[in-house]
Amino acid sequence: MLRSILGKSLRAIPKRAESEAVGAWGEIYGPEHLQMQDSLRKIIEQDINPNVPEWEKAGIYPAHEVMKKLGSAGFLGTSHPEEYGGMGLDYSYTVAVSETLGEIKCGGIPMSIGVQFEMATPALGKFGSETVCEEFLRPSIAGDKVACLGVSEVHAGSDVAQIKTTAKSDGDDYIINGQKMWITNGIQADWCCLLANTSDGPVHKSKSLICVPMDLPGVIRAKKIEKIGMWSSDTAQLWFEDVRVPKKYIIGEEGSGFIYQMIQFQQERIFAMASAISGLENCINETINYTRERQAFGKSVLDNQYIHFQLAELQTEVELLRALLYRVTAMYVNGEDATKLASMGKLKTGRLIREVADKCLQMWGGMGYTLENPVSQQFRDGRLASVGGGADEIMLQIICKLMDILPKGTKLV
Amino acid sequence: MVRVAVGVKRVIDYAVKIRVKPDGSGVVKDSVKHSMNPFCEIAVEEAVRLKEKKIAKEIVAFTIGPKQSAETLRTALAMGCDRGVHVNVDQAQLDALTPLQISKMAAKIAETEAADLLLMGKLAIDGDYGQTAAMTAAILDWPQATNLYSLQHNGDSATVEREIDGGLETNEIKTPAVLSVDLRINQPRYATLPNIMKAKKKKVKAVKPADLGVDVAPTLNVIKVAEPPVRAAGEIVEDVDTLISKLKDAGRI
């Protein structure tokens, strides 16, 4: 089904040249990917990481400043259309960016940047009219406007079909009423990629994706949510009270919003996988360094078989996740439906982060329980992965459906 | 406007913890991250700035190394150099080359590429020799200025500030010249993605040491490589008199 929808996309999905064919099982990065990652790494090391402790304490980071830096270097539009300032490269470049973002020393900032280029904008790039692309996609790629994705609501997170926000037709406009919850970048965003009900009827045909400028009358940034982790990322509850938006701000066709969002979700899941890997490896490596130095009962903590064997097990799992990431990327680049593997990858990511953070924290002992510690950071930030971007339980439902093992007659939305 | 040649070298990344091979023949290089020598990056940046100031009309980046050095050259191209020259030697040969042999190659490249200015980093962080720029200038019989803190190109001359022990020394030298850069002269740019893609199309010439008339047979034999001895613990003493007597007892003074 995805293939037929993607077939209707307004712009060609960037494909890799024949001469650079991707092997489904092999490494997917060439010299340009590695060069690009080196450049991005420099920005992270010079301009982002030194400020992370301060931004974590402040509970917010300067999104406009950071997005502008990344946008100017070309990192926010790797697979977005060239007409609007993107690079039009195949998806492996976007994955390479996502992977390197994982080297930021917290979870909040990669997540926020992921929203900008992998969660709030893919549908725009594929299905948006020239009007919306000029108004919203171009400045988002350039890093001039900060984007957010408005899907979840207080009573509808995993159950996306049950969202209640409406966009009622009124002449040439929609009038939007409703609220959104858990909106990353919600406090700083200039526009919102909003999923709303534009008609009654079957739940996956009644919704549309609409670009909503956040400075319109009636858009209220009601609350900044205090979370146990991801502190530098602002998470908002938003209210929409009779917000008037021109109908031309719709993405693609009315009623297709649900399907478009399902497509956006695939990239969100691949982003979750890619951006987790560096943090996982870093957590394991920092734990190796710590336990090598730390002495207890006459030897280093690392010299205990229980410890080094566990670390080996964890690193093995990280390599498996990486291999799955590259396989999913290869499929996506080749235009194949990667839903099953992407869902498996997302499921594994959430669970592996919890396992790695928890086990490594134990190895750090009391130090692991302190705030200024990479392991406790991973413990707090990483816990979100099993909940956000597609909860573990939803991933399991999708995988079961694709394995055809759900009870007969199960209605999956 | 001048043509600038800038030398770049692929070295083990500065952030890597170096490990000596168990047999003491060298350091571990396999599967270890390599990047452009940081001082070479600074030299490339200085060259690109000359082009932006419309002093340089063309920048030729050159490297001497194995096929992986092509990536280092591409980074220079992505930062803004116009074309490249790659002198192919394998890793073992590269490890055995001395600054004199490198300088002879660099001098020849400056001639064949008709460069008016030759820029390099003051040293490479693997060998740490710091000799190549000076030797190349001597071979070319060009004026030289090393360890630059600032560069002002004035056409037939250049005004430079050099970092020396105790401060800065200002020199005025005639050009063409060989210049090597020090840490604080600039902050190198990172290559943007559009420039990385554009660099793919820039031309790179492949050259052999024999084409430059240089013999790469080793003239130096490395007998042993070892880590420095582990630093012994220090000792805190109560007063200056105790310090002096302890130093005397240890035969230090």
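Leaving aside neighbours within four places in sequence, Q378(A) is in contact with G279(A), L280(A), C283(A), I353(A), A357(A) and R383(A). This residue, Q378(A), belongs to helix α12 of chain A, which covers residues 374–382. The model is predicted, and chain A is divided in it into domain 1 (2–146), domain 2 (148–256) and domain 3 (259–403).

**Burial of Q378(A)**

- Q378(A) has a relative accessibility of 14% and therefore counts as buried, since the cut-off for that class is under 20%.

**Domain 1 and domain 3 of chain A**

- The centres of domain 1 of chain A and domain 3 of chain A, taken over C-alpha atoms, are separated by 21 Å.
- Contact between these two domains involves 40 residues of domain 1 of chain A and 31 residues of domain 3 of chain A.
- About 3,000 Å² is buried between domain 1 and domain 3 of chain A, and carbon and sulfur atoms give 64% of that area.

**Polar and charged pairs across the interface**

- Eight residue pairs in polar contact are found across the interface of domain 1 and domain 3 of chain A, both residues being at pLDDT 80 or more.
- Zero salt bridges are found by the rule across this interface.

**The side of domain 1 that touches domain 3**

- On this side of domain 1 of chain A, at least two residues are supplied by each of α1 (2–7), α5 (91–101), α6 (108–119) and α7 (122–127).
- Helix α6(A) gives the most to this side, with seven residues.
- By class, the side of domain 1 of chain A that touches domain 3 has 20 nonpolar, nine polar and eleven charged residues.

Terms used: Residues numbered from 1 in each chain as written. Chains lettered and ligands numbered in written order. Predicted model: local features only at pLDDT ≥ 70, side-chain atom pairs only at ≥ 80, totals over all residues. Heavy atoms only, no water. Domains from an automatic or database assignment. Contact = heavy atoms within 4.5 Å. Buried area = accessible area lost by both parts, 1.4 Å probe. Salt bridge = Lys/Arg side-chain N within 4 Å of Asp/Glu carboxyl O. Polar contact = N/O pair within 3.5 Å; in protein donor to acceptor, adjacent residues only side chain to side chain. Helix = DSSP H or I, 4+ residues; strand = E, 2+ residues; numbered from the N terminus. Nonpolar A, V, L, I, M, F, W, Y, C, P; charged D, E, K, R; others polar. Buried < 20%, exposed > 50% of the residue type's maximum accessible area, 1.4 Å probe, protein only.
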